[in-house]
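Q: I have a model open on my screen and would like a close look at a single part of it. Could you walk me through that part and then through its surroundings?

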Amino acid sequence: MTHNSDLEILLNHTVYLRLGRPLEVIDDIIRLLTTILPEIIQKKVHHSKSIELILSSIMTCQENEDWLGLADYIEYDLIDLLQSNELD
């Protein structure tokens, strides 16, 4: 089960990304995503195509150093999807 505290930490890290300070949080974001990923796979998220698209977009943003895009995908797509899946 994805802990709300992990989601809150991810949400807080998006602020740093939006401020152009990714070095302060990127390692922690990667750690949190690698923690969340096995849970997603194990639960076989109902929206598996959506999660694949979101994670692919997150990786692309990180590779391109598109910190605003990364913040958007985490805040508006990933967290929303994970929270809605917990309710399912």
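Is aspartate 66 buried, partly exposed or exposed, and why does it count that way?

A: Bear in mind that this is a predicted model. Aspartate 66 has a relative accessibility of 35%, so it counts as partly exposed; the in-between class lies between under 20% for buried and over 50% for exposed. You'll find aspartate 66 in the loop between α3 and α4. Along the chain, aspartate 66 and arginine 18 are 48 residues apart, yet their C-alpha atoms are separated by 9.9 Å.

Glutamate 65 sits in the loop between α3 and α4 as well. Glutamate 65 has a relative accessible area of 56%, so it is exposed. Take a look at its backbone too: the phi of glutamate 65 is near 55°, a positive value in a residue that isn't glycine. As a rule, most residues other than glycine have a negative phi.

The protein chain has four helices and zero strands, and from the N terminus on the order is α-α-α-α. Of its 88 residues, 38% count as buried. If you take the contacts with a separation of 6 or more, 67% of them are between residues 24 or more positions apart.

Serine 57 is at 13% relative accessibility, so it counts as buried. Its side chain reaches the backbone oxygen of leucine 53 at 2.9 Å.

Next, the inside. In soluble globular proteins, nonpolar side chains tend to be buried together. Here the largest nonpolar core has 23 residues, and Leu10, Leu17, Ile29, Ile58, Leu70, Ile74 and Leu78 are those with the most contacts inside it. At least two residues of this core come from each of α1 (4–18), α2 (26–43), α3 and α4 (67–87). The helix that gives the most is α4, with eight residues.

Leaving aside neighbours within four places in sequence, isoleucine 29 is in contact with Leu10, His13, Leu17 and Ile74. Histidine 13, one of those partners, is found in helix α1. With a relative accessible area of 11%, histidine 13 is buried. Not counting residues up to four places away in sequence, histidine 13 touches Val25, Asp28, Ile29 and Leu32.

Last stop, the largest pocket, which holds about 230 Å³ of space. Its lining is made up of Ile26, Ile29, Ile30, Leu33, Thr34, Leu37, Leu55, Ile58, Met59, Gln62 and Leu70. The elements giving two or more residues to that lining are α2 and α3, and α2 has the largest share, with six residues. Sorted by class, the lining has nine nonpolar and two polar residues, with no charged ones. Some names come up again here: Ile29, Ile58 and Leu70 are among the pocket-lining residues, and they are also among the core residues with the most contacts.

Note on methods. Residues are numbered from 1 along each chain as its sequence is written. This is a predicted model: local features need pLDDT of at least 70, side-chain atom pairs count only at pLDDT 80 or more; totals for chains, interfaces and linings use all residues. Side-chain values use heavy atoms; hydrogens and water are left out. Buried means under 20% relative accessible area, exposed over 50%, partly exposed in between (1.4 Å probe, protein chains only). A polar contact is a pair of N or O atoms within 3.5 Å; within protein, one must be able to donate a hydrogen and the other to accept it, and residues adjacent in sequence count only if both atoms are side-chain atoms. A nonpolar core is a set of buried Ala, Val, Leu, Ile, Met, Phe, Trp, Tyr and Cys residues joined through side-chain atoms within 4.5 Å. Contact means heavy atoms within 4.5 Å. On a 1 Å grid over the protein atoms alone, a cavity is a set of points where a 1.4 Å probe fits but cannot get out, and a pocket is an open set with protein on both sides within 12 Å along at least five of seven lines; lining residues have an atom within 4 Å of a point. Grid points are joined across faces, edges and corners, and a volume is the space filled by probe spheres set on the points. Ala, Val, Leu, Ile, Met, Phe, Trp, Tyr, Cys and Pro count as nonpolar, Asp, Glu, Lys and Arg as charged, and the others, Gly among them, as polar.
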